[in-house]
Amino acid sequence: MLFILFSLFHTASAKCIRASSKTFTNAVKKTPITLVLFTSNKCIPCRRINTVMDTISERYTDSIGFLVVEFETSSDIPFKYNIMYAPTIAVFRGGEFKSIYYGEWSSHAMIEYCETLINADMIFLNSTFSVFDFQQKNPGNLIINSSKAFMEADGLLDKFAGIIHIGVIDNANVSESLHFPTAVFTRPNDHFSRAFDTINFTEISNLITSPYMHVRNIEQLSSTGTDNTLVALLDERDPLHLYEAVQSFERVQEFFGDNISFQYCDFFRCQSLVQSMYVINFNQPVFALSIKQGQRSKFEPYMKLNPLPENILDFCKFHMLGIPLPEEKQVIKIPKLYAPEFIQTVGDYEHDVILFVASPSMKLYEECLQNTRILYQVFKSVPSVKFYEYNPFTEHVQGLEMPVSDKPQYSIWPALKQPHGSAFTASMSVNVIFENFLKLIEKKVSNDKILEMKQVLQDLLANQEK
């Protein structure tokens with residue numbers, strides 16, 4: 001009899017505890033870390049998640065607590081933490097809300113996440129490569145310059161361990177060569193990065209969650225706090241896909257602000273939506289606007305190829321505000337160069353390579369990009385010259401040091417067996433840039449060809465002014 005009672009008690013203690021408005025504050029402080037599942041009576045996947053959490057709770061009886069809070073009976077709790085929908089799993093440490101768990105709702109994924117929460121530690125970085133490699137860690141990472149902020153590192157670990165990756169540059173030479181500030185927070189998935197002169201715990205907390213939600217469970221599609229959600233279907237293994245999706249998200253967000261949400265999902269994971277949209281081209285992101293209609297959502301697909309951020313914005317304006325779609329203009333797209341192909345590309349001594357080294361966050365980016373598009377067209381008739389756009393903030397090549405600048409630059413790599421680059425600002429006049437290109441490329445262009453190119457340049461500039 002005693003054995004039976006003990007078994008019942010042990011089983012009950014291992015399962016998720018249901019917390020109410022009266023018991024939540026104490027319950028969330030009973031263990032160092034607590035995962036809270038916000039659920040509702042109508043939430044079908046919540047039952048599955050509850051079962052998963054019941055199962056894994058047996059592993060973490062002393063270190064991690066598992067709570068369930070119902071919207072219907074304790075609505076004040078999700079309201080306090082801005083939890084908008086069920087299911088949502090929130091992470092608390094020391095009784096304080098830290099972040100939302102956006103991973104898969106599977107035993108394997110959640111156990112892996114719990115282990116990260118428990119065993120998180122600082123990583124010491126002693127080389128340029130280790131710094132760049134660390135900045136690729138998702139969902140977010142914070143690198144501290146030990147010479148400027150080492151005393152605050154322990155406090156950061158206590159507050160953010162397991163939520164973000166924390167690294168410390170422990171080599172003064174590396175710190176100096178990278179011109180590294182006090183700290184840098186990075187979200188690799190949406191190419192977000194922010195430098196800190198002084199470490200601000202509150203600001204870092206606000207940056208942890210990306211405004212662009214990575215959907216890892218099909219039930220999360222359209223489960224956002226707004227009536228409209230822009231969804232990008234893409235190949236998660238292709239960094240270009242994610243980069244292009246974020247470019248469009250940022251443009252739409254500039255216009256609509258908090259009136260629209262953003263999600264992205266892998267083609268394979270969101271197969272049902274892919275099939276319903278009859279997607280057959282997987283070489284680029286595919287966009288759809290989810291519009292809530294009562295309890296359901298309707299997906300309006302954008303099916304044209306090679307959309308620009310402005311095209312996606314016009315698409316959203318049409319469906320959300322009824323603004324007619326404008327006549328589309330042909331925009332020249334400059335090929336992008338990524339880190340894995342960098343050495344091979346600039347080392348091709350059969351071609352002169354011109355890099356437009358820029359990021360959309362830089363000053364004068366749009367103006368310099370427009371000039372680069374013109375020059376790209378001018379040099380298109382010269383087979384020995386190749387043009388690329390290269391983002392120094394998202395692409396890192398070991399051993400490559402580009403001049404630091406807050407404005408776009410050009411980097412010229414002549415067609416030589418021992419390649420070396422030279423750089424100059426991209427904010428000069430187009431005519432001056434054109435002359436500089438001719439001086440710096442190795443494979444010379446005939447005088448007749450130069451005269452022809454100058455005429456093309458003047459024609460393009462004249463058309464631009466119209």
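**View 1. Cys265 and Cys270 form a right-handed disulfide in this predicted model**. The handedness follows from the torsion about the S-S bond, which is about 95 degrees. The sulfur atoms of Cys265 and Cys270 sit 1.9 Å apart. A disulfide here is a pair of cysteine sulfur atoms within 2.5 Å. Cys265 is buried, at a relative accessible area of 0%. Cys270 is also buried, at 0%. Buried means under 20% relative accessible area, exposed over 50%, and partly exposed in between (1.4 Å probe, protein chains only).

The model is predicted: local features need pLDDT of at least 70, side-chain atom pairs count only at pLDDT 80 or more, and totals for chains, interfaces and linings use all residues. Residues are numbered from 1 along each chain as its sequence is written, and side-chain values use heavy atoms, with hydrogens and water left out.

**View 2. Cys43 and Cys46 form a disulfide**. Their sulfur atoms are 2.0 Å apart. The S-S torsion of Cys43 and Cys46 is about 85 degrees, so this disulfide is right-handed. Both Cys43 and Cys46 are buried. The structure holds two disulfides. With bonded cysteines counted along the chain, the pattern is 1-2, 3-4.

**View 3. Cys16 lies too far from the closest cysteine sulfur for a bond**. Cys16 is buried, with a relative accessible area of 13%.

**View 4. Cys316 is too far from the closest cysteine sulfur for a bond**. The sulfur of Cys316 is 18 Å from that of Cys270. Cys316 is buried, at 0% relative accessible area.

**View 5. The protein chain around these sites has 17 helices and 19 strands**. Helices (H or I, at least four residues) and strands (E, at least two) are DSSP runs, numbered from the N terminus. The C-alpha atoms fill a box of roughly 100 × 55 × 30 Å along the principal axes. Of the 466 residues, 48% are buried. Among contacts (heavy atoms within 4.5 Å) with a separation of 6 or more, 71% join residues 24 or more positions apart.

**View 6. The protein chain exposes about 24,500 Å²**. Carbon and sulfur atoms supply 52% of that area. Accessible areas come from the Shrake-Rupley method with a 1.4 Å probe. The chain carries 41 positive and 51 negative side chains. The centres of the two sets lie 4 Å apart. Lys and Arg count as positive, Asp and Glu as negative; His and the chain ends are not counted.

How values were computed:
Charge placed at Lys NZ, Arg CZ, Asp CG, Glu CD.
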